[in-house]
Every structure is written in C-alpha cells, then in structure tokens.
Amino acid sequence: MTYISKPAISHPKMPKNNLGLTARDYEGTVSTLCAGCGHDSVTAAIIQAVFELDIEPHMLAKMSGIGCSSKTPAYFVSQAHGFNAVHGRMASVTTGAYAANRKLTYIGVSGDGDSLSIGAGQFIHAIRRNLNMCYIIENNGVYGLTKGQFSASADIGSRPKKGLPNQQEPIDSVSIALGLGATYIARSFSGDKDQLVPLIKGALTHSGFALVDIISPCVTFNDHEGSTKSYAHTRQFYHHVVDVDFVPPAKEIKAAYDEGSAMSIELHGGSKIVLRKIEKDYDPTSRAVSFKYLRDRHNAGEITTGLLYIDNSRKEMHDLMGNIDTPLSELALDTLHPGKEELKKILDRYR
Amino acid sequence: MRRHTDNGRHDSEMKRTDTSNPDYFHKVVDCQWACPAHTDVPQYIRLIAQGRFDDAYILNRESNVFPGILGRVCDRPCESACRRVRIEDKPVAICRLKRVAADHRGDISDRLPKGADQSNGKKVALLGAGCASLTVANDLRPLGYEVTIFEAMNTAGGLMRTNIPQFRLPPEVLDEEIAYVIDMGVVLKLNHKINSMKALLDDGFDAVFVGTGAPRGKNLEIPGRYDSDNIVIGIEWLESVAFDHVDSIGKRVLIIGVGNTAMDCCRTSLRIGAENVKVIARKPRAFFKASAWELEDAEEEFVEILVNHSPKNFIIEDGKLVGMTFELMEYKVDDDGSIDRGTLIGEKIIPCDDVILAIGQENAFPWVERDIGIEFDEWECPIIDKTTMMCSRDGIFFGGDSAFGPKNIIWAVAHGHEAAISIHKYCQGESLSDRLPMGINLVSQKMGMHEWSFSNDYDPTSRRLMPHVDLKERFKKLDIEVELGFTAEQAISEVERCLNCDIQTVFVAKLCIECDACIDICPVNCLTITEIGDEADLRTRLSAPAENLDQALYVSDDLPQTGRVMVKDEDLCVHCSLCAERCPTGAWDMQKSTVLIPYASDEAAGGQALSMTQDSAVS
C-alpha cells in the first residue's frame, strides 16, 4: 500500500464535465490494495465513467460487501453515499436502498468470492427482481484478502502459486445472468479502459440490472504463469465481440460505422449506446445465440468480452411493482404513514 | 487485444527516447538546464534542507563560482524555468536559497580549489577583474597556469563593484568571494589599463582572455543633451557613486529607460538626496527589460514608473536643467505580442533637477588594433566562436559582456568556464573543438518497500516573502542591505517547495505488465500507454493535453504484452514518485540524475576525473 497521499494538484488543462468538475473531483482516498491490482484500474474506469456521465456525487450510492473488491468504493467519489455490507449481502442491501430511494444511481462493486459463493443467492435474486443497478464483479479467480485460495470462478486447470491446479467447474457469472434473464450483461478487462469505460457508462444508464464482469488480475496471488486470470493470459486469449460507444442524450451519432456491424440502442433518459459488432454473426439481443456462442468460445479457451446481451423491454423493479417515483424520504409523513384507521381497513381485508 | 504489428509502422513514427543521451534527463531539470553555468539547483536545495550549508555552498561554487554574490543579484533564469510555475504561479525562490547557503556556511577555506604550487610554464593574461576573468583564473590556477589579471580601476570586481549598488550587494560579500580566487596565487595588477592589445601580445603571454565587459553606456542624442552637467549616463554615474565621487543629487530625478540599471539608478538616487524619482519608459509594461523583482523592489520604495513616454528634448533655462519634454505614445500590440512603432497622441513636460540615462550598454574596443588579425563585425564587436570563446586570432579569447554584448553575471561565469577549457587546450596544443562531452549518472533512490531517499511528498506551501529592512531605515545610508535574507523557518519551508526534478522517473519497458497502476495514480496525468505514432499525433492521444512543445515526450520501447508504448509528457511531472510507488514490477524507478559537467580540470585529467563529486549522491 501507498503511504504518501496523492498531491492535491492537477493538470491545469484537465477537461471539465457539465457540472464544472474534473475527473479528480470524483476520486476517493488513495488505494490500500497491492500495487498493480486490477481493481485499481477498475476504480479509475468507474471514476472516468461517472465523471463523463455528469453524475452529481451526492446522487450516487456505492454499495459493497466483503473482499478486496469490496474495499474499492472507498477509492472513488468520496462525496457519494456508501454502504459496506456484510459478506455477500451487497445485493440485498442495495435492494432495500433502492426500494426506499429510486432517484439515486446505484453502483455495486463485488468480487467473484463475494458474489459467486457466499452471496450467490443474493446475486441471482437481484437479477430476478431486475434491480436497477450497475453490478460490477471484479473477477480474479482467487480470494486475495485471505492469501490466494481459489474462488468459485477459477478455471479448470488454472494453477495456483503453490499446490495443485483447480479441478472444479467454474461458476461463470455471465452464464448465470444470461440464464436468469438479466437485462444488460457485459464482460471486460481491467487493462482495457477503452472498452471498459463505455460499458460502465451504459450499465449506469441502463434501466434494470446491469452486470459488468471484469477480469481484474490479482497481481499478488494470481498473476503467474499457469494462471488463467493473469494479465498476460487475459491479453493473449481475450476477444472483443461487441464493443460499445456511449452517446449522451441530445448528441448525434457522429462516428462512421461499417455497414451491418453497428446497432444503436436507446437507453433510459435519452442516451444511446451504439454496439460495434466485431463478430458480425453475434446477436447481443438473442439469449440463445449469446449462450451458445459464449459456451463455444469458452470451450475453445477464449475470453469473450464486450456487451454480450441487452434487453430493453423488461421493466425494472419499481416499475414492475407499480411504485411511485418519489423517494420515501421525500414523502410527507401522512402519506408515508396512513394512520391507524387505514391500517385497520387493510388488515380487515385479510380477516 | 489490438496487437501492434511491424508492418503497420510508418517512417514518421516517433523515435524511442534515448535516455543515455545526457541532455534528455538534464532537460527535465529545467532550472539546471536554464542556468548558463548549469548549477545543480535541486541538489543544493536538498543539501540546504539537510542543514549542510557548507556542502551546498561548495556545490554551487563548482559551477557558478560566486554563490554569495549570485544569491543576491543573479538574473535568475532558473526561476522563470522552474517547473513549479506550471503547477502554481510562483517559482521556488532558488536564488535566495543560494544566499541561504552562503549566509550560513562555516569555514570552507580548506575545501576551496588551491592554486598549483608548481607552474606549468604557461602564462595567461586576463583583462578586467570581473566575473568572467575571475572564473577563468579559478579554473586555470589549480592546473599550474601563471595567471595575471590586468584591471583598470583600483579595485577588483568589475561591473559587480561599480554598477551594483551596495544596498543590493554588500562590498564584504564581493571582497570575500573575489579573494577566494585571487588567493589561489593570481597576480592582480590594479590601476593597470591596457591601452594596446598589440603591446600586450608582445609581452609573451601564451594566451589572452578579454573580460572587460560592456563599459560604454548608450547616449541619447536629443536637443539639450550637452547643455547641462545634470544629465548623466547611468553606469558612469553608478560608478562615481560607488567610488564616492558623487554623493548627492537633486530632489527631482528622471531616469530614462527601464532596465535593471535604471532600477539601480532610481533606488540609488533615493539614498543620496532625491525625493521624487520617476522612471520613464518608452513602451508599455509588458516590454520592460527590468526583471519583475527589481521593478517590484523599486516600486516598494515609491518610485513612479511612467509608460509610453518618448523623450523629445531637454529643457534648459539660464544654463540650468529644469525639465524634459516627452511625446506621449499609443501602441498596438498584436496577439502574438509584437508591438508597432506607436502613434503620437500628445506631449508632456516633466520638471526635474537631474536626468540619468539608462537605456543600455554597448561594447567598445578602442584599444584593440584592427590590423592584428582580430575580426570585428558591423557593430564593432569581435567575432567570437560560441563554443570555444576564441576570436579570429588564435590564442585570444573573450568572455562575459565583452564577448556577445551585455548579458549578466551567470552568463559571464559560463563563458569563463568554457574559455578556461579552451585556453588549457590551446596551451597544450590540443584541438579546441575536441571537448569532453557532458555525462549523466543515475542512482536509484528506493530505500525500501515504500521509502524514498528524498522528500517526495508534494508541499502546497506558497513562496516565502523576502523580509526587507524598514522603509525609513534603509534610506539612512547608501550601504544598508535591503534584503535581510530568509529566516531559518522561511528557508525550511521554501526548500520543501522544490519538486526534485533531478530525481528522474526511469522506465524499463520489458518489466511492464501494463496494469495501468502508474497511469491511474499520476496526479497530473503525465502517463499514457498507447500505440506508437508520430509526435504530433501522439500528443493528441495522451491522458491530458501535451501542449508545451518545448518539453519532450518520453517514448518507451515496445511493451512486452501488447506491443504498445509507454508515453510520458515530462511537462508537468511533479516527481512525486507515485508511479514508481504503485508499480508492482519495478518498471518505474526514481533515480537521482547528476549531470557531469566537464571543466578545465577534467580536460587536464583526460576526462578520468569526470565522475560524481562526493556531494552528488543524495545521502
């Protein structure tokens, strides 16, 4: 970890967003993770995405559980709301927070341990409810905080620093999410911000559950030869299928795209994402096509990245339940609390 | 990943940075690069921070010979180059920290270079006992040269003595640092004006160095100029004051011109009787020649500076100067900063008792015969080789203001060092152009996992203000030094403002795993990993705009995993070491660079001794 603080000076020509803030205004405290941790790059990508989306810091809620990944919300947007839940319970706590206040933008940062083992039940139910949040899994295949044991996402044959290679079938968050019908599913790599930042922007803007699974190498316990989640291995085998350009509301799509490979999708609030299909045959709106493609590529040892699936037609949690737009905290007491008489009437309905 | 392939390369592709070229890292140390004598600024500031004033003084003296003098009156090219200006508005007070080293040093006499006991049989004549000649003597005496300085006046120091008032540069300081050189066994012949170069050459010297300065003040030929004794030329007047030939002046004084000599004239006037002093400038403030701090010091003493006044004539009544007429001008200034010839918009009479002309100096060589092989240019200046400092006649060298016209002390010192090398090579029959190159030495500053040997934490403190003698007190005598020097507390605070630009960020491409940690942590967005391209293109693809074309881009070799390159814009790096701190593989390291500058002694030792001095490594 680093003991000296990042100087409070910045490049005098740093770009400012529509709120007049620079990306540095969206920073948090200096990371206490190992130098070179992929999570720190993900943090930098989140800062860039939130900055570019002009999100007001106090309108952002940072949610996490336990693990190296779950420490990272401390390292971005200091002025935002935050909740560090118990292990694996980030999704449930976010569900509660979102139920009470749907106006905030929710970003959850979790890891392969926090989401695919102890928190697997929470994770799948958040998908089922189509909870309106950006759910980031910083996926490194090991429990870094407890010195590098394999996690549930470790690939068969991946070698640890010491001991035998993993023999168990990995749990793949993307396949689970696809099977459960999550509405925005992406995979990326901490070392590829060009791809990652627009994916996070899309996920933050998407209405519904947005999963971004990010290969984020553990530089201390899982970055050696024989590891399938190292920087070198990821770079060698990873494969873009659908990249994304994020287009803010009221901006025209300017870039020129190859015919047949570009697809524009309108998101909540008028912004758009343009999908750039690197693989022309890939259809990111078809669960069946996506599932088969992903399995095939996985069996071939490739790591498929990009926006893998999107469904804009399903309603998110509040809309599904017909709830009001106003956050509970902004409702007057008599609205929130109808009184004894009303309660009695309701209870009488069940007698 | 988008792998970079060889067949995609173009000829215009930017060259990979060759950090073994000493100039590359030297240029990153902007203050040292800007200093004509290449004083190792960050290192002496660090030594001051450690309380090692003797070491700081000696390190300074190696390159600039007169730390006590320059710590008061240097033109400070280092400060305008200081990197801190790019981050906030004020540079580190480099110059005044030099004075701290000089003020607080102990007895350093046993650490000064010594004149050789034995002569090497070569005789060198130095003309003028100013900073240029003294530097040459300083460099040649230890090698055994018999050095004779001829000085026209009755005291040594040249313009430092005659033109810089005592309230800026106390005579004791001057005497002491001149004595360090003279005591090396230099023969100093005072009151010895050379009236003929030809005659001097007949005296059997092996080499001659001319360091006679630019002794002639420019005149202003307008009506009335010669009708009063109360119209004088600035540098001549300052000299008369310095030698006590003049000790009073009228109540109302006009100074014509707005350079540093004008500032010395107006402030001197206030100390010998003037009550109302106006400095008259022909152009607007942005075109003043005086240094900003000298203007500030004069204005602190309530000197009024009038702009856009062009002198027309002197007004003489009954043989007495009573005023001057000025034409009032208006100028147009372009966006690129160039100014037109101006339009006349009126006239104004300003009454006065005395006028001092301070509109520049020029060289004058009436004593150099024109038929002895020394070629002069159209402005009657000798033609001098910029590297060797030799004129068109072999064995005669020039330096200081007499070489290329008025500059300043630190340039004269730089010329002196170069001339000393040339004189040595000339006397030894070696080629003058075959000079030792500069070198660079790099030493890692990593002490432990998260420990660096230097103060790398950015200190946001603002520049300390120099304390001055009270306004009433300072006018009582001519020789009360106005600046008091930094207090210990101020010095401690000011040294921490230095960004340690000599502690270089050194990158080893083959160790990089492209985790982006350095890019993410850099507070000023210096770093980018990207595809190679030509420089203009690369500058548009960096983490932050890289618009200062004078500052180099560092471009690494191909990175092992993707074939991309690491690019660093050196412009705004604050040398905080966070890139090295966050690098998991040690691809980035912080290494102290020491620029190895050859002097005459290194040439004499055949370059063998050109290695680090004992103070050069951070300890």
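How do the axes of helix α9 and helix α17 of chain B cross, and within what distance do they come? Hi everyone, let me start there.

This is a predicted model, where local features need pLDDT of at least 70, side-chain atom pairs count only at pLDDT 80 or more, and totals for chains, interfaces and linings use all residues. Residues are numbered from 1 along each chain as its sequence is written, while chains are lettered from A and ligands numbered from 1 in the order in which they are written.

Back to the helices, which are DSSP runs of H or I with at least four residues, just as strands are runs of E with at least two, numbered from the N terminus. Helix α9 (residues 131-140) and helix α17 (residues 409-427) of chain B have axes that come within 7 Å and cross at roughly 40 degrees. The axes are lines fitted to C-alpha atoms, for helices over the stretch in contact, and angles run from 0 to 180 degrees between N-to-C directions. Angles under 35 degrees count as roughly parallel, over 145 as roughly antiparallel, 65 to 115 as roughly perpendicular and the rest as oblique, so α9(B) and α17(B) are oblique to each other.

Who meets whom? On the α9(B) side, the residues include Val136(B) and Leu140(B), and on the α17(B) side they include Ile409(B) and Ile423(B). Contact here has C-beta atoms, placed from the backbone, within 7 Å. The residues of this contact divide into 10 nonpolar, 5 polar and 1 charged. For the classes, Ala, Val, Leu, Ile, Met, Phe, Trp, Tyr, Cys and Pro count as nonpolar, Asp, Glu, Lys and Arg as charged, and the others, Gly among them, as polar.

Some of those names come back in the largest nonpolar core, which has 142 residues. A core is a set of buried Ala, Val, Leu, Ile, Met, Phe, Trp, Tyr and Cys residues joined through C-beta atoms within 7 Å; buried takes 20 or more other C-beta atoms within 10 Å, exposed 12 or fewer, and partly exposed is in between. Leu140(B), Ile409(B) and Ile423(B) are among the residues with the most contacts inside this core. Its largest share, 11 residues, comes from α17(B).

Now to the chain contact, with 29 residues from chain B and 24 residues from chain A. Gln561(B) sits in the loop between β21 (553-555) and β22 (565-569) of chain B. Beyond its neighbours within four places in sequence, Gln561(B) contacts Tyr231(A), Ala232(A), Arg235(A), Ile513(B) and Glu514(B). Gln561(B) is partly exposed, with 18 other C-beta atoms within 10 Å.

Notes:
Two residues are in contact if their C-beta atoms, placed from the backbone, lie within 7 Å.
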